[in-house]
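Please look over the sequence and the structure shown here before reading on. The report that follows takes a sheet and several helices in turn.

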Amino acid sequence: MVPGTPAGDDVVRLAWPDVGAEEAEAVAAVLATGQLTMGPKVTELEGLLAAACEVEHAVAVSSGTAALHLAVLALGLGPGDEVIVPAYTFPATANVVALAGLKPVLADVDPVTMNIDPERVEPGRRTKAIVAVHLFGRPARLEELPPVTLVEDAAGALGARRGGRACGGLGRLGCLSFHPRKIVTTGEGGAVTTDDAGFADAVRQLRHHGWKPPAFADMPVAGLNYRLSDVLCAVGIPQLQRLEELLEARERVAAGYAERLAELPVVLPAADEGDRHGWQAYVIQIDGRDDVLAALRSRGIEAQIGTYALHRLSAYADQSPFPGADHAFERALALPFHTRLTDSDLDRVAEALKVALGA
């Protein structure tokens, strides 16, 4: 339940994962084997992910944050090295850089796309990498970024495409999330994708305490327990097998919103021409966002802010100004978005917006 929204059966939910009997049966099958982790379902999920992202390797891990953390660690950077991250994103994007002993350097975002603005990216002498986000599933203009090692935060962009190429396969490493608000969920989970066998091996080693396979007789580096269990992989596999179906269903909901909101004073989400949006969320931009948010919640419609302007958080308050991030943070509003939404639900959200905006 989103805070501030009345409880009850008449609430329009913010999110609802596409899971059901097939996922329950897959989990039951794993439970019956007695092998709940480090088993065949991990390999099966990884194969499906690699195919979806059009890469050679996918390594399943315990969360999207774990994927980002391991991707940054796999780069092998040293203290004082800098990594550029967007100023408007979920904090995990920058947190993993700091936790790796590196310096996150914020770069402003385009106020319309809300993705990192290539014209605002200025690599310095110590810049070693850029972590670029496909925010809310909209593919970022990665090809316009400076020629620095690219880590692709595709947490919400599984199924999205930039210029015909699959997101998650556009950087040296890609990072996915399977949080319940994502198109494919394992409850919690994530993955690192790459065409580089060396990076893939490094991530596999780091996710499993630092052990060196196949015999695990040595632990050359200190690692972490970022494994994803077979139980959770079993939840994600049926969804990955119908990924195109799930994406098309979300596209229909997005089109329904676009039709109903076309005459309102809002900025609607979209992808660049030739791209395919991943539709992790449906995030509009409006004036008076906080008042509109409160109005929707008071009418039983779960809504949420888009995400965070990092320089407004104490951990990153030493970096500013970022007018693009401020603009996005103050105006972005995530509407209910999932495939259980009915036409009447969309009508209800649109009418509530119209009233809240005085349109």
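Two strands are said to pair if DSSP finds at least two bridges between them. The model described here is a predicted one.

## The sheet and the helix on it

In this model, β10 and β12 (residues 332-335) run antiparallel and are joined by 4 bridges.

Taken as a whole, the open sheet consists of 3 strands in the order β10-β12-β11, with antiparallel pairing. Its edge strands, each pairing on one side only, are β10 (282-285) and β11 (304-305).

## Helix α10 and its buried face

Helix α10 runs over residues 343-357, and the 15 residues should span 21 Å at 1.5 Å a residue, which agrees with the 21 Å between its end C-alpha atoms. The residues of α10 that are buried, meaning under 20% relative accessible area, are Asp345, Leu346, Val349, Ala350, Ala352 and Leu353. Seen down the axis of the helix, the buried residues of α10 fall within an arc of 160 degrees, and therefore they line one face. An α-helix has 3.6 residues a turn, so residues three or four places apart point the same way.

The elements that cover the buried residues of α10 include α7 (243-261) and α8 (289-298), together with the strands β10 and β12. After α10 comes glycine 358, whose phi is positive, near 65 degrees.

## Helix α6, largely enclosed

Because 10 of the 12 residues of α6 are buried, this helix is largely enclosed by the rest of the structure. The buried residues of α6 are Asp230, Val231, Cys233, Ala234, Val235, Gly236, Ile237, Pro238, Gln239 and Leu240, and what covers them includes α1 (21-33), α2 and α7. From its first C-alpha to its last, α6 reaches 16 Å, close to the 16 Å expected at 1.5 Å a residue.

## How α2 and α6 pack

Helix α2 (residues 40-53) packs with helix α6 (residues 230-241) at an angle of about 30 degrees, and their axes are 8 Å apart. The crossing of α2 and α6 is left-handed. On the α2 side, the contact is made by Pro40, Lys41, Val42, Glu44, Leu45, Leu48 and Leu49, while α6 contributes Asp230, Cys233, Gly236, Ile237, Leu240 and Gln241.

Definitions and conventions
Residues numbered from 1 in each chain as written. Predicted model: local features only at pLDDT ≥ 70, side-chain atom pairs only at ≥ 80, totals over all residues. Heavy atoms only, no water. Helix = DSSP H or I, 4+ residues; strand = E, 2+ residues; numbered from the N terminus. Expected span 1.5 Å × (residues − 1). Buried < 20%, exposed > 50% of the residue type's maximum accessible area, 1.4 Å probe, protein only. Arc of directions from axis to C-beta. Contact = heavy atoms within 4.5 Å. Axes fitted to C-alpha atoms, helices over the stretch in contact; angles between N-to-C directions. Left-handed = near helix turned anticlockwise from the far one by under 90°.
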